[in-house]
Amino acid sequence: METPKNPTSINHRIREGLSRLAMAMRADDWNRAKTSGLNPTQLAILELLEGRKDGLGVKEIAANLGVAQPTATDSIAALERKGLVEKQSAATDKRGVTVGINSEGLSMLEAGRSQPSIAEQTVGALADREQEDLLITLVKMIRHLQENDAIPIQRMCASCRYFAPFAHSDAAQPHHCNFVDAAFGQRDIRIDCREHEPADPASRAATWDAFQQG
Ligand code: SF4
């Protein structure tokens, strides 16, 4: 137990802080899901499938959400019954059957975004520089998790084959996205970009070194 004379380690206190934020975000998720007649897992599946035109297999959905496959299967079946996702078979795809969001599912996501969530309001209360620092810290933490196989590769710039960090001398827009062939700034770094294509492990490591050193 923490006392004024004996603080716990900073790692432990940061974990406690993150857990308080996670609690507020879970409440956010329940409220948003309830408004749409879903539960948080079903809502998370819709958000995961958004922008993935080839859909995802059940195994990938379960891995991305950190839930067991039977849980993912049940939630997908519920979403199918509600007419928000569709199964699609891809003969050329090793996954066989994938699940994709349809236009009704996309409309439901859109409708649920009219109000900023508690988490977004909280981030909005930070100064610009604090937001940028937080974004980069989150990228570092997510990368650490994915490089240690704790979570799947996320659609972040840091793991994208189109990302050229610090390719420009302009301090406001130092990075380059080769997909759109345009410069962008540190606060525009993406966490979940639909145009992301994973770089191979060697390029990913080199890109990360360049990003860190910039
Ligand atoms: S395609 Fe998306 S993830 Fe890739 S570098 Fe461009 S903005 Fe970043």
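Q: What makes two strands count as a pair?
A: Two strands pair if DSSP finds at least two bridges between them. Keep in mind that this is a predicted model.

Q: How do you know that β3 and β4 pair?
A: Pairing needs at least two bridges, and β3 is joined to strand β4 (residues 175–177) over two bridges in the antiparallel sense. Therefore the two strands meet the definition of a pair. Within this pairing, Ala164 stands opposite His176 in β4.

Q: Why are β3 and β5 called edge strands?
A: The open sheet has three strands in the order β3-β4-β5, with antiparallel pairing. Both β3 (163–164) and β5 (182–184) pair on one side only, which is what makes them the edge strands.

Q: What makes domain 1 and domain 2 neighbours in contact?
A: Contact means heavy atoms within 4.5 Å. Domain 1 (10–111) and domain 2 (127–213) have a contact that takes six residues from each of them. About 500 Å² is buried between the two domains, with 46% of that area from carbon and sulfur atoms. On the domain 1 side, Gly51, Arg52 and Asn64 supply 61% of the area buried against domain 2, more than any other three residues.

Q: Why does the second largest pocket lie between domain 1 and domain 2?
A: Both domains give residues to its lining, so the pocket lies between them. This pocket holds about 620 Å³ of space. Its lining has 20 residues, and the closest to the centre are Arg52, Leu56, Arg155, Arg194 and His196. By class, the lining has nine charged, six nonpolar and five polar residues.

Key. Residues numbered from 1 in each chain as written. Predicted model: local features only at pLDDT ≥ 70, side-chain atom pairs only at ≥ 80, totals over all residues. Heavy atoms only, no water. 1 Å grid on protein atoms, 1.4 Å probe; cavity = no way out; pocket = protein on both sides within 12 Å on 5 of 7 lines; lining within 4 Å. Points joined across faces, edges and corners; volume = space filled by probe spheres on them. Nonpolar A, V, L, I, M, F, W, Y, C, P; charged D, E, K, R; others polar. Domains from an automatic or database assignment. Helix = DSSP H or I, 4+ residues; strand = E, 2+ residues; numbered from the N terminus. Buried area = accessible area lost by both parts, 1.4 Å probe.
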